[in-house]
Amino acid sequence: MVPLTRLFSSTLGRKYLMGASGMALVLFLVVHLLGNLTLYAPNGDLLNTYAARLQGLGIGLIALEVGLALTILLHIITAFQVTYTSKLARPIGYDSPKTKGGPSKSTAGSRNMILTGIVLGVFLVVHILQFRFGPSMEEGYTTTVNGAMVHDLYRVVVEAFVQPLWVAFYVGCMVFLGFHLRHGYWSAFQSLGIINPRWSKPIHTLGLLIALLLAFGFLFIPIFIYFTQSGGGNP
Amino acid sequence: MSASNSKTMNVRLKIWRQEGPSAPGAFEEYSLSGILVDMSFLEMLDTLNEKLIHEGKRPVEFESDCREGICGTCSLMVQGQAHGPVRGATTCQLYMRSFQDGELITIEPWRAKAFPILRDLITDRRAFDRIQMAGGYTGAKTGPHADANAILIPKDIADRAMDAAACIGCGACVAACPNASASLFTSAKVTQFALLPQGHADRKRRVIRMVDQMDKEGFGSCSNLQECEAACPKKISIQNIAIMKQEYLKAAISADFRAGLGSADGGA
Ligand code: HEM
Ligand code: SF4
Ligand code: FES
């Protein structure tokens with residue numbers, strides 16, 4: 001018997017994976033947002049330098065990217081498993097169920113993590129295709145920073161966010177991210193059992209703060225670029 | 001007695017009726033007038049049943065025993081809420097004064113695959129018994145009756161164990177949980193023993209076996225919505241679920257688990 005497969009196929013075990021992967025993803029988003037703050041700089045040099053530095057990690061970057069992809073995959077697989085288990089557990093629902101309030105954290109957002117999650121999954125695919133596998137140096141997206149020729153990632157980003165439809169798509173998806181993290185941040189602590197009565201409330205409040213910070217932090221980037229770069233129709 | 005004793009009200013009831021476990025079932029509506037506002041909810045249903053029996057119809061089947069909130073037998077989903085709208089109370093502790101005159105009251109059985117409906121509002125909750133039997137006891141021989149204070153237990157720990165032990169096994173946590181998870185019940189039983197020295201001997205196998213049984217019964221997966229705590233008549237805290245997660249992880253990564261301690265037929 002392989003003990004780990006058994007551990008992680010129990011309802012509790014899956015939630016350890018869910019919580020750990022979710023938390024790792026939150027950590028990634030914090031780092032990602034900090035990196036993206038370079039987009040608020042007046043020209044693209046800062047972003048392009050940052051991107052070039054990341055590229056400079058070589059095999060290290062690939063390892064990070066593969067690790068991230070596996071984490072997301074694990075999160076998605078367990079997400080569908082736990083949701084499916086719960087769907088099976090109540091084949092016939094109630095006439096009009098109502099929360100009893102009090103300590104309950106049952107809201108439209110927390111009950112529908114799978115829906116906000118699926119939106120995020122679709123977003124991730126689009127986002128990665130658009131920027132990670134978008135127009136490359138070979139296609140002429142180059143620029144020089146400090147005399148060195150680098151990939152002009154900034155141009156890729158700006159060309160997307162001068163289009164109102166892309167801005168709307170990104171802003172919309174980030175709202176879903178906010179709802180996912182509003183429940184998710186606190187939930188990860190509870191899933192891992194690393195919570196106690198004294199810290200439960202502060203962590204739940206911190207979850208709201210993190211959800212707002214990450215959602216708005218990301219969401220203002222396309223808006224900022226739209227208003228600063230598409231000015232009067234001549235970018 | 002208060003002056004409101006003789007005040008009466010009318011109610012309309014929308015009740016789930018189902019002939020047997022595999023019969024389809026449907027809602028039926030009833031009206032009752034002259035219900036005393038200080039009547040208990042179950043007395044109101046008794047009144048309905050007397051009326052139905054008089055009319056030669058089959059009474060509505062529901063469960064109750066102690067009718068004072070200690071046995072966990074009563075189990076009704078009232079107005080979409082487990083045990084009705086009052087927090088920290090069982091259905092038998094619910095009174096008609098919690099409802100409006102003329103209100104339409106919907107009454108349903110607990111809904112979970114692991115709690116199949118036997119008839120009308122009665123469900124088979126033996127899944128809980130099986131979880132309890134899987135490890136919710138201490139198997140260590142305790143010898144002759146020990147002195148009351150032979151084993152010293154700090155007061156705060158004794159209190160927390162007692163809070164967990166307050167669970168009456170009613171199943172409201174499962175009924176109220178949007179995922180039909182039995183985590184609150186199971187964790188209350190796990191924690192009650194895990195906190196006390198008497199429970200330490202079988203600590204690891206207990207949590208593994210009880211969680212295994214819980215999963216086998218077909219309950220859902222906990223999403224940390226805390227609706228169970230809101231619905232629990234004994235206000236059992238989801239902190240117990242966090243403790244169960246710690247206990248389970250500790251037991252699962254121990255060598256005993258790999259040696260097969262978790263399986264139903266034993267091991268060390
Ligand atoms: C940016 C990406 C994402 C982040 C930062 C994130 C973060 C989190 C966190 C922190 C949790 C709480 C974990 C727990 O309950 O223990 C969570 C739960 C959840 N996530 Fe994600 N997530 C992301 C993407 C996704 C995707 C793509 C899906 C896929 C469909 C998804 C589906 C879910 C579901 C269903 C839950 C709730 C699990 C449950 O209720 O038991 N998430 N997420
Ligand atoms: S935890 Fe509360 S709601 Fe669940 S069975 Fe025990 S007493 Fe009932
Ligand atoms: S009948 Fe015993 S708790 Fe309600």
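Mentor: The six donor atoms around the iron atom of ligand 1 subtend angles of 87 to 179°, which makes their arrangement octahedral (six donors, with opposite ones over 155 degrees apart and all others between 65 and 115). His75(A) and His180(A) each coordinate this iron atom through NE2, at 2.0 Å; donors are N, O or S atoms within 2.8 Å of the metal, or 3.2 Å for Na, K and Ca. His75(A) belongs to helix α4 of chain A and His180(A) to helix α8 (residues 164–192) of chain A, so the pair ties together parts that are 105 residues apart in sequence. This is a predicted model, in which local features need pLDDT of at least 70 and side-chain atom pairs pLDDT 80 or more, while totals for chains, interfaces and linings use all residues. Residues are numbered from 1 along each chain, chains are lettered from A and ligands numbered from 1 in written order, and side-chain values use heavy atoms, without hydrogens or water.

Helix α4 (residues 59–89) of chain A packs against helix α6 (residues 113–132) of chain A at about 155°, with their axes, fitted to C-alpha atoms, 11 Å apart. That angle makes α4(A) roughly antiparallel to α6(A) (over 145 degrees). The crossing of α4(A) with α6(A) is left-handed, that is, the near helix is turned anticlockwise from the far one by less than a right angle. On the α4(A) side, Glu65(A), Ile72(A), Ala79(A), Phe80(A) and Thr83(A) are in contact (heavy atoms within 4.5 Å) with Ile114(A), Ile118(A), Leu124(A) and Arg132(A) of α6(A). Six of the residues in this contact are nonpolar, one is polar and two are charged.

A further packing in chain A involves helix α7 (residues 153–161) and helix α9 (residues 197–229), whose axes come within 9 Å and cross at roughly 85°. The helices α7(A) and α9(A) are therefore roughly perpendicular to each other (65 to 115 degrees). Here Tyr154(A), Val157(A), Val158(A) and Phe161(A) of α7(A) meet Pro222(A), Ile225(A), Tyr226(A) and Gln229(A) of α9(A). Seven residues of this contact are nonpolar, one is polar and none is charged.

The C-alpha trace of chain A spans about 60 × 45 × 35 Å along its principal axes.

Technical notes
Axes fitted to C-alpha atoms, helices over the stretch in contact; angles between N-to-C directions. Helix = DSSP H or I, 4+ residues; strand = E, 2+ residues; numbered from the N terminus. Parallel < 35°, antiparallel > 145°, perpendicular 65-115°, else oblique. Nonpolar A, V, L, I, M, F, W, Y, C, P; charged D, E, K, R; others polar. Tetrahedral: all angles 85-135°; square planar, octahedral: opposite > 155°, others 65-115°.
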